[in-house]
Amino acid sequence: MPKVAIVTGASRGIGREIAKNLAVKGIKVIANYNKSEENAKKLKETLKNEGIEIDIFKADVSRREECKELVKYTLKKYNNIDILINNAGISEYKLFTEESDEDWNRVINTNLYSAFVMSQEVIPNMIHNKSGCIINISSIWGQVGASLEVIYSVSKAGMNGLTKALAKELGPSNIRVNSIAPGIIDTDMNKHISEIELKELEKDIPLEKIGLPEDISRCVNWLVDDMYTTGQIIGINGGWE
Ligand code: NAD
């Protein structure tokens with residue numbers, strides 16, 4: 001039986017690459033999107049041309065009811081969830097003193113609450129199967145903090161805490177929970193950074209280059225196959241710390 005994976009925020013960037021490479025690996029993928037139906041359909045179409053079928057499902061993962069629908073759809077269709085990739089996320093650049101309650105709620109709900117809810121919704125099935133793999137896409141900023149991205153850093157640090165604690169709680173059920181903490185990856189999330197700034201940043205990165213979405217998806221594919229790694233925060237950052 002092929003494994004089944006839900007990837008949140010899969011219409012573009014890192015999530016898209018993760019969804020694509022899990023599907024290429026033979027895993028049944030449910031690629032979640034929120035607003036960009038066109039991108040999600042494009043991903044489905046591209047893979048179809050290569051003979052690979054994936055499902056796409058619209059849900060705002062910052063809302064529990066929509067997470068429930070996503071999980072319900074997956075269980076109805078495949079009767080099983082083996083892998084959850086909590087990838088959906090947004091960033092926010094502001095002086096801390098200018099952040100509002102709305103900013104806090106939007107970033108925390110999208111980046112952290114979504115991982116809490118999605119995990120809660122899939123775990124009963126994983127416990128029943130005595131097998132599961134949850135991967136949270138956090139960030140280097142959750143480890144070292146970023147100026148002008150305090151709420152974002154808090155959300156990703158929270159994700160790392162969720163990973164470590166949940167890995168302990170779920171270990172006896174053979175469910176592995178890990179975080180991948182990317183450094184700077186070339187996606188739309190960083191399109192506000194100018195070419196000149198990127199070149200400057202590259203000088204600080206030991207491997208002297210910005211990462212690519214496939215650098216993250218390669219690690220996801222490895223974690224999916226692995227059987228003895230849990231509670232880890234894996235930095236994929238070119239040595240940048
Ligand atoms: P991106 O902006 O291209 O992708 C984010 C995806 O999340 C988009 O598809 C978006 O539609 C989706 N999304 C946002 N809110 C959602 C919601 N409420 N419900 C469902 N989907 C939602 O950025 P990316 O770089 O591909 O980011 C993917 C993940 O990687 C994020 O969690 C981000 O924080 C993390 N990350 C990125 C970098 C980087 O440098 N690009 C670095 C560290 C961590």
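**Notebook: the ligand site and some single residues**

I began with the ligand and found that the space taken by the ligand is the largest pocket. For a pocket I used a 1 Å grid over the protein atoms alone and took an open set of points with protein on both sides within 12 Å along at least five of seven lines, whereas a cavity is a set of points where a 1.4 Å probe fits but cannot get out; lining residues have an atom within 4 Å of a point. A molecule sits in such a space if more than half of its atoms lie within 2 Å of its grid points.

The model is predicted, with local features needing pLDDT of at least 70, side-chain atom pairs counting only at pLDDT 80 or more, and totals for chains, interfaces and linings using all residues. Residues are numbered from 1 along each chain as its sequence is written, and side-chain values use heavy atoms, with hydrogens and water left out.

**Entry: the shell**

I listed 27 residues around the ligand; R12, N87, Y152, T187 and N190 come nearest (a residue is near if one of its heavy atoms lies within 4 Å). I then sorted the shell by type and got 11 nonpolar, 13 polar and 3 charged residues. Here Ala, Val, Leu, Ile, Met, Phe, Trp, Tyr, Cys and Pro count as nonpolar, Asp, Glu, Lys and Arg as charged, and the others, Gly among them, as polar. Helices α1 (13–24) and α6 (150–170) each supply at least two residues of this shell. Helices (H or I, at least four residues) and strands (E, at least two) are DSSP runs, numbered from the N terminus.

**Entry: backbone atoms at the ligand**

I looked up which backbone atoms lie by ligand oxygens. A backbone N or O atom of N87 is 2.7 Å from an oxygen atom of the ligand. For G89 the corresponding distance to a ligand oxygen is 3.5 Å, and for G183 I also read 3.5 Å. Taken alone the ligand exposes 820 Å², of which the protein buries 93%. The areas come from the Shrake-Rupley method with a 1.4 Å probe; for residues, only the protein chains shown count as cover.

**Entry: N190**

I went back to N190, which lies in the loop between β6 (175–182) and α7. N190 counts as buried because its relative accessibility is 16% (buried is under 20%, exposed over 50%, partly exposed in between, with a 1.4 Å probe and protein chains only). From N190 to Y93 the C-alpha separation is 11 Å, across 97 residues of chain.

**Entry: positive phi**

I noted K130, not a glycine, with a positive phi of about 50°. K130 is in the loop between α4 (101–129) and β5 (132–137), and at 49% relative accessibility K130 is partly exposed. L148, also not a glycine, has a positive phi near 70°. I placed L148 in the loop between α5 (141–144) and α6; its 41% relative accessibility makes L148 partly exposed.

**Entry: other residues**

S119 is in helix α4. I read 2% relative accessible area for S119, so this residue is buried. S119 and A181 are 18 Å apart, C-alpha to C-alpha, and 62 residues apart in sequence.

M1 belongs to the segment before β1 (4–7) and is exposed at 92%. Its C-alpha atom is 26 Å from that of A115, 114 residues along the chain.

P206 sits in the loop between α7 (195–204) and α8 (213–225); P206 is exposed at 54%. I read 35 Å between the C-alpha atoms of P206 and D82, 124 residues apart in sequence.

Terms used
Polar contact = N/O pair within 3.5 Å; in protein donor to acceptor, adjacent residues only side chain to side chain.
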